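Here is a friendly walk through one protein model, written for a reader who likes cut-offs spelled out. Please have a look at the sequence and structure before reading on.

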Amino acid sequence: MTDDTVIAIEHVTKRFGSFVAVEDAHFGIKRGEFFSMLGPSGCGKTTTLRMIAGFEQPTTGAIRLEGDDVSRIPPYQRNVNTVFQQYALFPHMSVSANVAFGLQSKKVPKSEIAGRVAEMLGVVRLADFGNRKPAQLSGGQQQRVALARALVNYPSALLLDEPLGALDLKLRQTMQLELKRIQREVGITFVFVTHDQEEALTMSDRIAVMSEGQVEQIGTPEEIYHQPASEFVAGFIGMANLLPATIDAAAGDRGTARLSDGTVVEAAATEGLSVGDPATFMIRPERMHLAVGTDAGLVTEVVDLVFQGPLIRFELRAADGSLLVAHVGPDDDLPLLRPGDHVQVTWETDGGRLLRRQERVSVAAAADFD
């Protein structure tokens, strides 16, 4: 942990009876960053957020806020606020009264309350809506009222538990950009829980990817996407082709491996891989290229192809039965292809990555086309 750490999760484990919801989580969240916890249902992300908020207590380990151990401190004594998927606005109060409620509870002087409410409504772009009731607002506007109400207290961190889940797709995408703008403007640490990879990639400064109670990897969106630390991260973030391989050579952060059809690949490799280890070769669909009638590349059969505007998505089957996806743009010079045709697949030399093969099955494997 560093001096700019606002929230420190120190070797935290949370058990519910014999079930381990979070196992030895250990990381810090920096001052002023947008930090997301991402993973499928049941991975432990919401439980971790609830422990930061004080609604749950860790079984072992400590939660620190601004350096102080708050593991056994009740929620109302912690300088954090939480925004849930259900905004819980007071329907009989105006927008301004909703935002002012927390300040009034803390007995902040009335003259100061008026100024802070006006300031925060300006930040969330609702300066002209102060006299309206929540029922007179859209879903996105109601969410911004909930944000203003949480931020007006100037918390050390704002905790957001899947707050965009109740919005339709277009509004959700708009609110992703709004949330990031608001966070940058107020400069407060945001801790965001989501199962939606697009939300996390769009808004986050850093992401913690969680699975089965464990933190699989923490990094920037670029690091998580291009340099996944495990099969699970590779499959959960974006779309990834995952091909079984065996390590032939490993030195430093590079490795050479052999695919099941004998194709030799060289790529960046995760730590700890040794000669003979089972591995997985990961390549993103946009880093792949298709060709017809050449000797180079992995021979595949076209299973299906779908026009998606700026690209065509090819679903392919390798000789060992592995399913692949390739995204082909308009600049690729290809003949008209149909299901059943054979094509050779190559990829950019810096586009692949060798990962340790995992026993468990990823919830977002490359074969999950739907």
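Predicted model: local features only at pLDDT ≥ 70, side-chain atom pairs only at ≥ 80, totals over all residues.

Residues are numbered from 1 along each chain as its sequence is written, and side-chain values use heavy atoms, without hydrogens and water.

Strands are DSSP runs of E with at least two residues, helices are runs of H or I with at least four, and both are numbered from the N terminus. Two strands pair if DSSP finds at least two bridges between them.

| Pair | Residues | Bridges and direction |
|---|---|---|
| S16 and S19 | 298–307 and 342–347 | four, antiparallel |
| S16 and S17 | 298–307 and 312–318 | seven, antiparallel |

On the S17 side, Phe307 stands opposite Ile312. The hairpin of S16 and S17 has four residues between the strands, and Gly309 takes a positive phi near 75° there.

**Arg313 in strand S17**

Strand S17 also holds Arg313. Is this residue buried or exposed? Arg313 is buried, because its relative accessible area is 12%, and buried means under 20% (1.4 Å probe, protein chains only). Its side chain makes a polar contact of 2.9 Å with the side chain of Glu315. A polar contact is a pair of N or O atoms within 3.5 Å; within protein, one must be able to donate a hydrogen and the other to accept it, and residues adjacent in sequence count only if both atoms are side-chain atoms. In a regular strand, side chains alternate between the two faces of the sheet. Arg313 and Gln142 are 171 residues apart along the chain, and their C-alpha atoms are separated by 38 Å.

**Glu199 in helix H6**

Helix H6 spans residues 197–203 and includes Glu199. Glu199 counts as buried because its relative accessibility is 5%. Its side chain joins that of Thr194 in a polar contact of 2.8 Å. Beyond its neighbours within four places in sequence, Glu199 is in contact (heavy atoms within 4.5 Å) with Leu164, Arg172, Gln176, Phe192 and Thr194.

**The whole protein**

Stepping back, the protein has eight helices and 20 strands. Of its 370 residues, 49% are buried. Its C-alpha atoms fill a box of roughly 80 × 45 × 35 Å along the principal axes.

How values were computed. Buried < 20%, exposed > 50% of the residue type's maximum accessible area, 1.4 Å probe, protein only.
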